[in-house]
Amino acid sequence: MFLKKGFKYRLEPTNAQQELFAQFAGSARFLYNRGLEQRKTAYEKEEKTITYYDQNNELVALKKDEKTSWLSNIHSQVLQQALQNLDRAFQNFFQRVKEGKKPGFPKFKCKGVHDSFRYPQGVKIEGENVYLPKIGWVQFRKSREIQGVVKQTTVVREGDHWYVSFSTEREIPDPASPPISEEKAVGIDVGLKQFATMASGLENRPTYISNPRFFSEYLPRLRVLSRRLSKKVKGSKNWHKAKKQLSKLHAKIRHCREDFVHKLSTNIINSHDVICVEGLNVANLLEKGTRNLSRAIADASWRLFLRCLEYKAKEKGKHFVETGKYFPSTQTCSACGSRKKMELSDREYRCPNCSIVIERDLNSAIVEKAAGMSVLQGLQKNHIFLGIVRACGATP
Ligand SMILES: [Zn+2]
């Protein structure tokens, strides 16, 4: 099977190279924003759609134009990638419209936020140096070996530092899948109170993973910096300064999050063969709390957590099921399978049918594990509760 993986390292550029990075990222942003404006106007005025090919064909003329001739200093493929990013943003937008979801029109990019550029090819790696076309050899901190063939290379600024990330692909022999055994199964529910609640094995052994300290630790500062930024005049010198401080903090939080999630997911995958999660596309998750800063941190962490679980399971041939596709786990009783409406404030599941009382997230985790097992064992949807009854050791 083909395994896709990303490897990210901190770059050690010279001052001159940093200048070039900023120029490359600036040009990519310029083209992206210009293209977005173009598409927007064409659509609003003439209901016309401008494609990636139209915009790509324009590049030659732009490089010859005196006003934008500086674009010819930038590697062509980096410019094309920026236009492709824009195209992808539009494709996603149209897809969401088609699916009747809240669409979210593509946004303009701000200087200092997600400054980045990408090469589809032409990058070479030798030891702790990477060759970026039209920039040259740049040193990076090689913290681990790169596995697979490098497909794309992205250079990105996070806070004060520049990073390089290689997306790689490699073919590995299909790993032998362990048998589907409930003893080695786990149901995982993510939430705001605990980062995750797990139910493992035949006895549904509960494990609670508390929210990592950085969730609350950086929150006050995040609030202060966000408020400070909102009070500055957009585009002013102080605004840029505040923006930079904020993006530095965001970078710090992102690194903590990656570290926490990688360790946790590796642990879970190593100690289980069947991993059952509710899945993040489930609407139920959206109602779990309001939109705010702490929620945004949690959201991003859950997303990364589930993605890590999925790819690590795949890599090791373990079984991964997203049960949210089948039914709402929050509303289902883990003991008898009956359902009732749950309010957001209900911290316990109190079943009117079998009178069990159980902590809300643990109930969901047990239900997810049972549902995942049923799905894997190929039971029909309407028989799904057989799995739950068996999982709890109760009789109907
Ligand atoms: Zn019940």
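Tutor: Domain bounds here come from an automatic or database domain assignment. This is a predicted model, in which local features need pLDDT of at least 70, side-chain atom pairs count only at pLDDT 80 or more, and totals for chains, interfaces and linings use all residues. Residues are numbered from 1 along each chain as its sequence is written.

Student: Which domains does the assignment give the chain?

Tutor: The assignment gives domain 1 (2-171) and domain 2 (182-390). Their centres, taken over C-alpha atoms, are separated by 31 Å.

Student: How many residues of domain 1 are in contact with domain 2?

Tutor: Six residues of domain 1 are in contact with nine residues of domain 2, where contact means that C-beta atoms, placed from the backbone, lie within 7 Å. On the domain 1 side, two of these residues are nonpolar, two polar and two charged. Ala, Val, Leu, Ile, Met, Phe, Trp, Tyr, Cys and Pro count as nonpolar, Asp, Glu, Lys and Arg as charged, and the others, Gly among them, as polar.

Student: On to helix H1: what does it pack against?

Tutor: Helices (H or I, at least four residues) and strands (E, at least two) are DSSP runs, numbered from the N terminus. The buried residues of H1 pack against helices H2 (52-57) and H4 (76-98), and against strands S2 (116-119), S6 (149-158) and S7 (161-171). A buried residue has 20 or more other C-beta atoms within 10 Å of its own, with C-beta atoms placed from the backbone.

Student: Which residues of H1 are buried?

Tutor: Among them are Phe-21, Phe-24, Leu-31 and Arg-39.

Student: And what comes just after H1?

Tutor: Glu-47, which takes a positive phi of about 55°.

Notes: Buried ≥ 20, exposed ≤ 12 C-beta atoms within 10 Å, placed from the backbone. Contact = placed C-beta atoms within 7 Å.
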